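I opened the model and kept notes as I went. The entries follow in the order of looking.

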Amino acid sequence: MGALTLRGVTKSFGTVDVIKGVDLTVQEGEFCVFVGPSGCGKSTLLRIIAGLEDATAGEVAINGRRVNEVAPARREIAMVFQSYALYPHLTVRDNMGLALKQAGVARADITASVDRAADMLALGPLLDRRPAELSGGQRQRVAIGRAIVRRPRLFLFDEPLSNLDAALRVATRIEIARLHRQLGATMIYVTHDQIEAMTLADRIVVLRAGKVEQVGAPMELYNNPANTFVAGFIGSPQMNFLKAGALGLRSDTLGVRPEHIALSRDSGQIAGTVSHVEKLGGETLVYVNTPAQGLLTVRLFGEHDYAVDETAFLTLDPARAFHFDAGGLRIREGG
Amino acid sequence: MAQARISAGQSIAAHAVLITYTLIALFPVFVILINSFKSRKAIFAEPLALPTRDTFDLIGYTTVLKQGDFFGYFQNSMIVTVASLFFVLIFGAMAAFALSEYRFRGNLLTGLYLALGIMIPIRLGTVAILELMVASGLVNTLMALILVYTAQGLPLAVFILSEFMKQVSDDLKNAGRVDGLSEYTIFFRLVLPLVRPAMATVAVFTMIPIWNDLWFPLILAPAESVKTITLGSQVFIGQFVTNWNAVLAALSLAILPVLVLYLIFSRQLIRGITAGAVK
């Protein structure tokens, strides 16, 4: 029995089905990331787990206990929100201790718990300030601290890094990963950013239009996507999809990641002209316009000098290419 | 930075327009105030002159304070206004919270029904209201006025407050739910402080018509013991003779309490603790 079990969970708003039957088990101590484009229902699913929305049908169980009828505060969960959602009228200390106070914990115990969490996140000097006096990064650390204080069975993160700038996002991402190792707690994390998903997750759940497309470890999804959606969503830059017929193959679509295409000025499988080059230092992205396959992205490691409008030839790595049928489903070799 | 955005000329023009409007708006009040301190003859001789040593006269104020229970009227007006305001704000805010926060069947219809009250004047129902008050024995009580004014103020309050409550971050309310706060605590401790500027706006818009109303006090509560200040002042306006000194003095005095209430609410309008709550 896992820390969280969803059985046939659906959610409809009026006639619109937002979640169309999700079955999922999250193991104790696992870091599970829900990822998908906006509007795929990942936040709604998280809110159903938290008890902020009722499931239309299906069962939500936390540590083997059915919690469909249990109030959010009694589900032994803590949640970190995208907009931090700190109480504006309370100090950092009171913000962090409020849940315990509501639960009737003794004052001395609350102080001890808050201090312990504050130590973990280096919030000590901020404890007597109000949210208005904190920067965005500090506010999100307080929000995470507020979650830790409760010692929940389940941490829920709702796009916690979306409002932070790029540098702070990386720092907070590392912080969250460290906390997960330190606390060993079960965490569910919602994001639309596949990099966050890849770097944090033990297991990724890819959602689209209210349905689970694939569940697996980050590298499993990268190396073994079940369909074109997962293949295109995981990995950056996005996978190239080629018309297999034009290459003389039997499948409908051929998926090749930008890093699995070789580029040459002299000869290769597909000819095209360079339409744009992005030099990132460690890697160079070359966008090649081909008459037969449209715009293809090639990722080269190191620095390369390709000029716009130059002719270039691409060679695909057949061993790393994925075959898909007309419906977008993966065709496995020999199967 | 201000200089960079607005040139001196624009600034002067804007101020000129605003100052002119302020003068026009305040002029009647100014005329009432200066004339309330003048003798009857001086009022008619030179209505726009300031009271001088010769024309200064407190006769209006002494008449007002001697005749009738003026402080009683004041008290009645205060009770009616403050109580109505309290009920309008509390029920209006609660209804607005329910309409903006909870999804339920008939939500939109209920909101429209409540908004209908903005468009249909409550005075159309005066006869029915009077019959209702007679039947329930509330004629000549302050309670009658409080109930009517609460009904009168609710539509606008619900309409304005529900718009503002929709803007309060869902995350904040949900954080409260996860932390075990009751819906009432979320409403009173998290949401209300954040919509305080809107509450102040509603309070001002609700308060002024109630304080100034003559219609319902005249019909529902004309008895001496429950007269409001506007009704009480009518004593001095006769069909043939009007005691202008007393009328002007009564009006000047009647400005004071609303002014105090307004100052209290406008301070709330300015104060913003919302900053930093979310994002």
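I class angles under 35 degrees as roughly parallel, over 145 as roughly antiparallel, 65 to 115 as roughly perpendicular and the rest as oblique. The model is predicted, so local features need pLDDT of at least 70 and side-chain atom pairs count only at pLDDT 80 or more, while totals for chains, interfaces and linings use all residues. Residues are numbered from 1 along each chain as its sequence is written, and chains are lettered from A and ligands numbered from 1 in the order in which they are written.

I took helix H8 (residues 142-166) of chain B with helix H11 (residues 196-212) of chain B. Helices here are DSSP runs (H or I, at least four residues), strands likewise (E, at least two), numbered from the N terminus. The axes of H8(B) and H11(B) come within 10 Å and cross at roughly 160 degrees. Axes are lines fitted to C-alpha atoms, for helices over the stretch in contact, and angles run from 0 to 180 degrees between N-to-C directions. H8(B) and H11(B) are therefore roughly antiparallel.

I then listed the contact (C-beta atoms, placed from the backbone, within 7 Å). On the H8(B) side I found, among them, B:Tyr149, B:Leu156 and B:Phe164. H11(B) brings residues including B:Val202, B:Phe205 and B:Ile210. The contact divides into ten nonpolar, three polar and no charged residues. Nonpolar covers Ala, Val, Leu, Ile, Met, Phe, Trp, Tyr, Cys and Pro; charged covers Asp, Glu, Lys and Arg; the others, Gly among them, are polar.

Is B:Pro155 buried or exposed? B:Pro155 counts as buried because it has 21 C-beta neighbours inside 10 Å. The cut-offs are 20 or more for buried, 12 or fewer for exposed, and partly exposed in between. Leaving aside neighbours within four places in sequence, B:Pro155 touches B:Leu114, B:Ala115, B:Gly117 and B:Ile118. I also checked B:Leu48, 107 residues away along the chain; its C-alpha atom is 41 Å from that of B:Pro155.

Chain B splits into domain 1 (2-57) and domain 2 (62-270), with bounds from an automatic or database domain assignment. Their C-alpha centres lie 30 Å apart. Each domain gives six residues to the contact. On the domain 1 side, H2(B) supplies the largest share, four residues.

I find 23 residues of chain A in contact with 19 of chain B. Strand S6 (77-80) and helix H2 (92-102) of chain A each give two or more residues. The chain A side holds 18 nonpolar, five polar and no charged residues.

Key:
Contact = placed C-beta atoms within 7 Å.
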